[in-house]
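Please look over the model below before reading my points. Have the sequence at hand too.

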Amino acid sequence: MKTKVILSFFLFIIFQSSHSQENTPTDYMSSDFHKSRREALRASMPPNSVAVFFANPIRNRSNDVDFIYHQDPNFYYLSGLKEPHSVLVIYSEDQVEDGKTFNEALYVYERGARYKIYNGPGVGVKGAIEDLGFTNVYPGKAFIEDPIDFSKFDKVMFRKFENDVRQKGWEQPNLYALIEQFKTSINSIPMPEGKELDSDKESAQSVVDNKTLRTLMANLREVKTDEELKLIKKAVEISCVGQIEVMKAMHPGMSETETQGIHEMVFKKYGSEYEGYPSIVGAGNNSCVLHYIDNNKLEAGNDLILMDLGAEYRGYTADVTRTIPASGKFTEEQKLIYDLVYEAQEAGMAAMVIGSDARKVDAAAREVVYKGLLELGITDSLAQGRLYFPHGTSHHIGLDVHDLNNRGAFKENMILTVEPGIYIPDGSPCDEKWWKIGVRIEDDVLITKNGPVNYSALAPRKSEEIEKMMEQESVFNHFHLPDLDSEEGK
């Protein structure tokens with residue numbers, strides 16, 4: 001009896017609450033933005049086609065604990081919905097059923113009473129209509145109980161499924177069930193004579209198409225709207241402030257973990273929900289590992305420390321890297337390598353113009369690095385430069401840190417990184433005075449009619465500017481916590 005009373009109390013509180021919480025951020029993308037993106041996609045779709053999008057799966061961390069949920073970027077871009085177990089269907093032309101005309105449908109998970117106690121009321125059908133601006137919304141079970149007849153379309157487009165969707169869970173119907181229903185529906189579509197249908201493989205001239213949708217979405221997402229650029233700029237500037245505060249706080253005794261913590265504290269202070277990718281903080285030889293994320297070296301010492309971190313703000317991520325001397329001053333060898341990378345980045349940025357492309361940016365930066373390494377005696381030939389500069393120089397950013405794009409010529413309002421680097425780990429075939437020097441400088445650059453605009457210019461890039469910034473007083477100099485290893489009080 002007591003359990004029923006408690007349950008009834010919680011349910012009363014939950015059902016009295018709106019699907020939207022109070023005192024939460026108001027600068028997310030508007031429902032009008034997401035609607036405009038659906039309209040833009042619809043305009044690019046083949047005649048008599050349908051596009052089907054599934055929310056991201058929930059991914060398990062351990063036992064009954066999941067990783068923080070992150071929506072599929074395409075799904076969020078088109079809907080604004082940040083919850084799992086959902087399907088979005090977009091039609092190229094108006095559909096008419098039972099006297100109702102529509103060109104899209106959203107299927108959402110309606111949370112049960114017990115689920116709401118643990119996880120809140122969620123958006124549901126009502127929230128999708130009122131907050132997300134959809135008019136044709138159904139509970140997820142309708143996708144299964146009243147399946148769409150995909151056989152009447154000339155093209156059914158979707159993204160290829162990966163093997164990371166769990167079958168079990170208390171959310172029913174869950175994503176697994178929704179996908180299985182979709183596969184059942186498309187596998188019943190009659191195929192042209194001589195063709196076999198496999199929904200997980202590309203089939204020429206097939207009704208089922210898991211390739212075209214990527215191209216269509218890349219066409220949309222690679223060029224940012226003004227609304228998107230506003231959020232990206234905010235994410236970049238937050239990330240720059242993180243870099244600046246670490247420059248002021250850094251000292252040889254600081255650990256990689258503490259360095260990461262200062263960055264991410266700044267992110268949270270500005271309202272950044274997450275990091276756009278696992279933070280990379282590597283000192284000394286760790287700076288030569290491109291995607292080093294252990295971040296557990298106890299002291300940076302007198303080495304360089306490479307910091308590649310990006311705040312995610314309202315779904316959009318920055319990607320900013322700075323490399324600084326933990327001591328506050330570059331050694332002669334550190335400065336020579338750093339300045340060479342800076343010069344290469346300047347050459348790469350100069351190529352960030354409309355009509356250029358990522359290959360030209362890479363070539364411009366690589367020419368400077370290869371020539372500089374040869375002149376410093378680190379390499380014996382230009383070709384050897386690849387050994388110390390093993391990655392590309394640019395990628396798009398947006399809802400993904402490596403954002404969706406079609407690898408074509410630069411257009412206005414594209415935003416990409418420029419990130420040359422030189423990495424000389426222990427044991428490299430050169431004078432050991434260069435060993436353990438890893439330098440990457442990465443900025444987020446907007447393509448405009450008037451040339452490149454560096455969104456991350458706020459964070460110092462020149463070696464002299466970095467040293468000057470590191471001389472400034474840090475707010476963290478007076479931030480002290482108790483020593484947990486102390487014997488006092490025992």
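1. Ground rules. This is a predicted model, so local features need pLDDT of at least 70 and side-chain atom pairs count only at pLDDT 80 or more, while totals for chains, interfaces and linings use all residues. Residues are numbered from 1 along each chain as its sequence is written, and side-chain values use heavy atoms, with hydrogens and water left out.

2. Helix α2. Helices are DSSP runs of H or I with at least four residues, strands are runs of E with at least two, and both are numbered from the N terminus. Helix α2 covers residues 31-44, 14 residues in total. From first C-alpha to last it reaches 20 Å, close to the 20 Å expected at 1.5 Å a residue. The expected span is 1.5 Å times one less than the number of residues. Buried residues in α2 are F33, H34, R37, R38, L41 and R42. Buried means under 20% relative accessible area, exposed over 50%, and partly exposed in between, with a 1.4 Å probe and protein chains only.

3. Salt bridges. The rule asks for a side-chain nitrogen of Lys or Arg within 4 Å of a carboxyl oxygen of Asp or Glu. The count comes to 23 salt bridges. One of them joins R314 and D27, at 2.5 Å from N to O. R314 lies in the loop between β12 (311-313) and β13 (316-317), and D27 in the loop between α1 (2-16) and α2, so the pair ties together parts that are 287 residues apart in sequence. R314 counts as buried at 6% relative accessibility. D27 is partly exposed, at 31%.

4. R42 pairs with E104, with the closest N and O atoms 3.0 Å apart. E104 sits in strand β5 (residues 100-108) and R42 in helix α2, 62 residues apart. Both E104 and R42 are buried.

5. D308 and R440. These two form a salt bridge, the closest N and O atoms being 3.0 Å apart. D308 is in strand β11 (residues 304-309) and R440 in strand β17 (residues 437-440), 132 residues apart. D308 is buried at 5% relative accessible area. R440 is buried at 3%. Elsewhere, salt bridges that share partners join R221, K224, D400 and D403 into one network.

6. Strand β11. Is this strand covered on one face or on both? Both: L304, L306 and D308 on one side and I305, M307 and L309 on the other are all buried. In a regular strand the side chains alternate between the two faces of the sheet. Strands pair if DSSP finds at least two bridges between them. β11 pairs with strand β10 (residues 280-283) in the antiparallel sense over four bridges.

7. T321. This residue is in strand β14 (residues 320-325). T321 is buried, with a relative accessible area of 0%. Setting aside residues up to four places away in sequence, T321 touches Q243, L306, M307, D308, R440, I441 and E442, where contact means heavy atoms within 4.5 Å. A polar contact is a pair of N or O atoms within 3.5 Å; within protein, one must be able to donate a hydrogen and the other to accept it, and residues adjacent in sequence count only if both atoms are side-chain atoms. The T321 side chain makes such contacts with the side chains of D308 at 3.2 Å and E442 at 2.6 Å.
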